[in-house]
Amino acid sequence: MDIILLGPPGAGKGTQAKRLEERRGMVQLSTGDMLRSAREAGTPVGLRVRAVMDRGELVSDAIVSALIGEHLENSGTGAIFDGYPRTHPQAEALEILLEERARKIDHVIELVVDEEALVTRITGRFTCSKCGAPYHDTLHLPKVAGVCDICAGTDFKRRPDDNEQTVRTRMAEYREKTAPILPFYEAKGLVRRVDGMQSVEAVAAAIDAFLDS
Ligand code: AMP
C-alpha cells in the first residue's frame, strides 16, 4: 500500500509517518528529511537547496522528484509520502514513478488543521539529536528536563526553518502550490480527511480506520 500524507507544515505528517513505519512496516519517504541529510552531508544538492529552504520556499521539482526516484526501491512494503508531492508537476512525476513499478497511490490522507495553532506548534518544537524523538516547549517536554524519554540522550536540536517568518512563508507555499493538488486526487476518489487538531493517538486511529477499510 502506498499513501500520501498531505497537510501544511506542522500538521503532524512526520509524527504519523513514523508511527506507521513502526506499526505497519511501511517506509517513510520524506523529501524534507532527504534534503536536510543532503545539507548536513554537504552534497552538491545540499548546497544548492540551503538558501531556498532557509527562506521556507519550495526547492525545484526536478531535485525532489529525483530524490524520491532514488529512494522508491527501498519502500517495496509500502511508502508513506511525507511532504511530497507539493506541486502539480511533482504529483505527475509521482504517478509515472509508481506506474513504472506497477504501483499506485491507495490513499491520500489530508490532515486538516488550524494555521494559527500550527505556528505555535512549529515554533516550539525540537527533537532528540540521537533518536529523533519529537518534543515541544509547552505541549510536550521530556519527563526529566534535558533528558530524552526514549533514549536518555541529552542533546536536542531545532530546525533552522522553524522560526515564525519562515513558517509563514512555508504556510503560504502550501496554500498556493500544494493545496491545489488536492482536486487531482479527489477526482480519483483517493482523498480521506482527518482532523489534525486532535491528539496524536486520535489522528493515528482515524488514519488506521482508513487504511483498514
Ligand atoms: P519539510 O520537512 O517537509 O517541512 O520540508 C522542509 C523544506 O524542504 C521545505 O520548506 C522546502 O524548502 C523543502 N522541501 C521538502 N519537500 C519538498 C518538496 N516536495 N518540494 C519542494 N520543496 C520541498
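**Figure 1. Helices α2 and α3.** Helix α2 passes α3 in a left-handed crossing; that label applies if the near helix is turned anticlockwise from the far one by less than a right angle, and right-handed if clockwise. The model is predicted: local features need pLDDT of at least 70, side-chain atom pairs count only at pLDDT 80 or more, and totals for chains, interfaces and linings use all residues. Residues are numbered from 1 along each chain as its sequence is written, and side-chain values use heavy atoms, with hydrogens and water left out. Helix α3 spans residues 44-55, and its axis lies 8 Å from that of α2, at an angle of about 120°. Axes are lines fitted to C-alpha atoms, for helices over the stretch in contact, and angles run from 0 to 180 degrees between N-to-C directions. The pair α2 and α3 is therefore oblique. Angles under 35 degrees count as roughly parallel, over 145 as roughly antiparallel, 65 to 115 as roughly perpendicular and the rest as oblique. Helices (H or I, at least four residues) and strands (E, at least two) are DSSP runs, numbered from the N terminus.

**Figure 2. The shell around the ligand.** The ligand has 16 residues around it, and Thr31, Arg36, Glu57, Gly83 and Arg86 come nearest. A residue is near if one of its heavy atoms lies within 4 Å. Helix α2 (residues 31-41) gives the most to this shell, with 4 residues. By class, the shell holds 6 nonpolar, 4 polar and 6 charged residues. Ala, Val, Leu, Ile, Met, Phe, Trp, Tyr, Cys and Pro count as nonpolar, Asp, Glu, Lys and Arg as charged, and the others, Gly among them, as polar.

Figure 3. A polar backbone atom of valine 59 is 3.1 Å from a nitrogen atom of the ligand. For glycine 83, a backbone N or O atom lies 2.9 Å from a ligand nitrogen. Arginine 159 places a polar side-chain atom 3.2 Å from a ligand oxygen. On its own the ligand has 480 Å² of accessible area, and the protein covers 97% of it. Areas come from the Shrake-Rupley method with a 1.4 Å probe.

**Figure 4. Helices α4 and α5.** The axes of α4 (residues 61-71) and α5 are 10 Å apart, at an angle of about 25°. These helices, α4 and α5, are therefore roughly parallel. Helix α4 passes α5 in a right-handed crossing.

Figure 5. Between β3 (79-82) and α5 (88-99), the loop holds proline 85. The peptide bond from tyrosine 84 to proline 85 is cis, with omega near 0°. Alanine 102 sits in the loop between α5 and β4 (105-112). Its phi is positive, near 55°. Most residues other than glycine have a negative phi, and most peptide bonds are trans.

How values were computed: A polar contact is a pair of N or O atoms within 3.5 Å; within protein, one must be able to donate a hydrogen and the other to accept it, and residues adjacent in sequence count only if both atoms are side-chain atoms.
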